Amino acid sequence: MAVSTDSATIELAQTAKRDYLKSLEKKYQQSWYDQKLFEVDAPALDSGVTSYDELRKIYPKWFGNFPFPYMNGSLHLGHGFTISKVEFAAGYQRMLGKKVLFPHGFHCTGMPIKAASDKIVREIEMFGEDFERYQLDAPVEKEEHDNPSTKSAPEKAVKSKVAAKSTGHTYQFQIMESIGVPRSEIKKFADPLFWLEYFPPIAQVDHKALGTRIDWRRSFITTDANLYYDSFVRWQVNKLHQQERIKFGERYTIYSPKDGQPCMDHDRSVGETFGPQEYTCIKMEIVLWSKAAETDLAHKLKGKRVFLVAATLRPETMYGQTNCFVGTALKYGLFVANDTDVYICTSRAARNMAFQGILERKGEINQIAEIEGAKLVGTKIKAPFAIHPEVYVLPMENVLATKGTGVVTSVPSDSPDDFATLSDLRKKPEFYGIDPSWVAYDPVPVLRTPAYGDMTAPALVKQLKIQSQKDLKQLAEAKEIAYKEGFYSGTMIVGEFKGETVQEAKPKVRDSMVKAGLAFAYAEPEGLVISRSSDECVVALMDQWYLDYGETQWRAKTEKLLAKMSTFGDETRNGFEAVLKWLNQWACARTYGLGTKIPWDPTFMVEGLSDSTIYMAYYTIAYLLQGGIVNGSKPGPLQIKPEQMTDEIWEYIFVDGPWPSQATFSKEKADVMKHEFNYFYPFDIRSSGKDLIPNHLTFALYNHTAIFPEKHWPTGMRTNGHLMLNGKKMSKSTGNFLTVRDAVQKFGADATRLALADAGDGIEDANFDEMSANATILRLHTLLDWAEIQEMIQNQASLRAGEKGYHDRVFEEEINELINITQQHYERMNYKDALKYGFFEMQIARDWYREITLDIGMHVDVIKYWIRVAALLVQPIIPHVSEHIWTAILKEPESVQLARWPTPLKQIDRILLESGIYIRTIVRSVREAEGQLLRKLKAAKGGVASFDPRKPKSIRIYVATSFPEWQNKTVQIIKDSYDSNSDKVDDTKNRQLLSAAGLMKDKRVMPFVQTMKACHHNINRVTKFGLETAINRALPFAETPVLNEVLPYLKRNVGFVEAEVLSVEEARQREGTKGFSKNIIDSAEPGSPAFEFYNVNSGS
């Protein structure tokens, strides 16, 4: 029983059954690890085996992995969800007899750990070693971006989004306490290396409690704290550098001013996947200030040239400027660009410019004044390249401070927003406080498109019925259409590049404006990006080491890999294809955090996404070097030291390079590692969250094509959505949050695993339902009880032995059918459906068998078969329950982890299986028909009814062997219209034949045709027997004998005194006799018998 609490998660009120299951889980987990069941090594090359392909045919292998989690806390249930996909697959692949490698590493590279440890250092300084001086009203540590001079609407957005991602705690020491670290231990986390010692063992314990099948010998941590892995990464980046795939140069990158380095995806608390968005900034020089602006600013400028700077994505349209817009509610700064020039824009834009060499000193902002946007209205400015060389500044309601510079060029011929705003201003100049002369210029044609001519914006505003600048939804749609139409179909009709396509002219116009000193390049993040140190990031132009992703030949090679690789779904493949189209240069170095130093430039470290692209190969040899010690502090079985692992040695092991003459250990030791790698690689599946497609997963594809030969390219990657908890997003701040440890402690391992399997498999977000997990505890306990009871009484009289009857054989076929269906879903990694058929449907089939054989008892061999199969089908998902059934109840000598998949020994008897489905359908139909009669009786309100289901009752079942004539004719026409080549009915021919036979006028015909073609029953028949058999409508079994098998059940469970089966011909001989109704007899059809109910005391 579960009870609700103040927390968003549930509390369990009664735990005896759960505690019993948990006791079994601990027992079997210990047994598995004592037996080292999950440790796997490559088999030796047998004599006569000349290749690894041959070896893998003799000893099939499967290698699955997932992105190693970051070690700044415990594994949360979202980690568990992604890991479960590989875990379930590992269990299934073991059952196929394969050597299954499932390893787990620990990611420590990057800045999050270092940033958190630095916070601990500062908090110790503030509050003492054990934070004893902390008080609830202590001042919050001020972040660097909280500068009053730069606060504006964007700042509110920053704070709200950070709060949404927060844990609800102000200080790092509070966060550490919230995840279970004792306060007395927290001071140790001031050393970033302590995190690397503390959290990996916790992850291992949590995994073991969940019952995962991981080979822990192959675990390792990243960074130069592990010198073996450090050597591996240095080899990788050296190789990429030698291939000129790592380059050095000035480029835009997302940058944290506070941290003083690039901020990569995994360094962010907000804004993963956002990159730099490049604009052209148009310099519009002030010609004449508005009166309000002159009053505020004239005395502060001292003869400098002042420019409004507007960021645009469409420099080619600047010929059509008629004015310029500012946001009247925004505040604008005047920022010194150089000795002579001052730029007007938002402080946010200036902050970006400061790190792009646009302002006078890099990284510094010199703001000499501030002015409200409303006071700029009416200022006359120069309009570079425009047909009208001078225009006015006008007000616009929709200018954002969070995008661009806050200054907007106006081209009403091609921008729907500009045209709508210009129209508003012209209609109500007094309302907007402007001089009508400021809006005197009509839209100027700039480009022509086939769809909208030379006035795209006015045409779209009219087409979409946009009334004003307030119609934001329609304007957004119009803007998208205008941009795409102009870019892909437009031709320039003015300017230096008249006659050229927009695609050709765009970069040329931009270059001309920049060369003329009328514009400059500017970039900013595509969206809000907040670093893990709570800094709002900018775009910086900086010299740095970068991976040249997107390079033509490298991309083509990576696309080749993707084309060959299984993605287990079109959504994942489409995601990869989309990323490959836009992904380009990626900063791969940083100066702050943990990691491997770049060998040729040790002032930099390899960033956290770039040192984790091919580590899957390291899994294959990790234990030989490290011996299961995650930090590699002691040599492993081969007794090789880290410094002995030179680039040449790695090259020999992984890419068949020559054996180096300077090697300091024997070639035989290297061959042991090379053998492990060549047997297990490539990996067969990498399972991950979908959010890693734009970075980590695509990087892995790129790096594999650069480092390894094609034979070692990955063969499969799958992705899943995020995991919700109880239908809501997981959040620490709301309490709707579970770690893996929390879930196992609350529900036990198998109930947690089953709920994870049931949560979902697609790329859409899944849901872990605690109520379902809680209900699973009872279901698992009941399953064990039932299996144990049946095994104990198998030799007693309540279970039959000897020859198997009809229901026994049907049940066996149902079991075999469920084995095959379940296996199909395991193969596709569809675990929700594997669970549906291998667990839930198996129990439904058992319950029906128990019910239908109640009068004669169940067959001992069939029940034992069901128990064995039931244990095996769910073994990948709930191994502890399976183990108990297998070894404790069935007394098997070896662990269920060594058991094989229960492949049926013979083909499914489809006819027998169909007859079993038919019986269930008949029982359901009888109950429904009786229920309808009961409802009619209640509705009669005292009237006389021919049958009262509440009184002693009996049933006759009428079986037909032929169809009504009109149906026979229709079926024959469907047969004649059937095309065996396409396995479909030709609809055109079918209608022609029906018309010729005069059947189209019969209203019963077309619904019957559609039913024959599309009803659920016929779909099943088509699937199992083929369309032609389905059209024939002849059941693949005789109805009467099958119906006779169900009569005892109807008497016992439905309560009939008598029950008999009659053919329609037999029934018609007794027409007119009381209790034999002609209309009921005539309604019987082959496969759809009719039922006549009668009361024993009132009828024949």
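Two strands count as paired when DSSP finds at least two bridges between them. With that in hand, let's walk through this predicted model, starting with a sheet.

The sheet is open and has four strands, in the order β6-β5-β21-β22, and its pairing is antiparallel. At its edges sit β6 (261-262) and β22 (586-587), each of which pairs on one side only. Inside that order, strand β5 (residues 246-256) and strand β21 (residues 538-547) run antiparallel and are joined by 10 bridges. As background, strands of a sheet pair through backbone hydrogen bonds, either parallel or antiparallel.

Next, let's turn to a pair of helices. Helix α19 (residues 570-582) packs against helix α23 (residues 693-707) at an angle of about 80°, and their axes are 10 Å apart. Angles of 65 to 115 degrees count as roughly perpendicular, and α19 and α23 are therefore roughly perpendicular to each other. On the α19 side, the contact is made by Thr572, Gly575, Phe576, Val579, Leu580 and Trp582. On the α23 side, the residues are Ile693, Pro694, Leu697, Thr698, Leu701 and Tyr702. Sorted by class, the contact of α19 with α23 has nine nonpolar residues, three polar ones and no charged ones.

Now for the cysteines. How many disulfides does the structure hold? The number is zero. A disulfide is a covalent bond between the sulfur atoms of two cysteines, and here the cut-off for counting one is a sulfur pair within 2.5 Å. Cys281 counts as buried because its relative accessibility is 0%. Cys345 counts as buried too, with a relative accessibility of 1%.

Our last stop is a histidine, His675, which lies in helix α22 (residues 667-680). Is His675 buried or exposed? Its relative accessibility is 15%, so His675 counts as buried, given that the cut-off for buried is under 20%. What is His675 in contact with, leaving aside its neighbours within four places in sequence? The partners of His675 are Ala42, Pro43, Ala44, Leu45, Tyr52 and Leu55.

Note on methods. Residues numbered from 1 in each chain as written. Predicted model: local features only at pLDDT ≥ 70, side-chain atom pairs only at ≥ 80, totals over all residues. Heavy atoms only, no water. Axes fitted to C-alpha atoms, helices over the stretch in contact; angles between N-to-C directions. Helix = DSSP H or I, 4+ residues; strand = E, 2+ residues; numbered from the N terminus. Parallel < 35°, antiparallel > 145°, perpendicular 65-115°, else oblique. Contact = heavy atoms within 4.5 Å. Nonpolar A, V, L, I, M, F, W, Y, C, P; charged D, E, K, R; others polar. Buried < 20%, exposed > 50% of the residue type's maximum accessible area, 1.4 Å probe, protein only.
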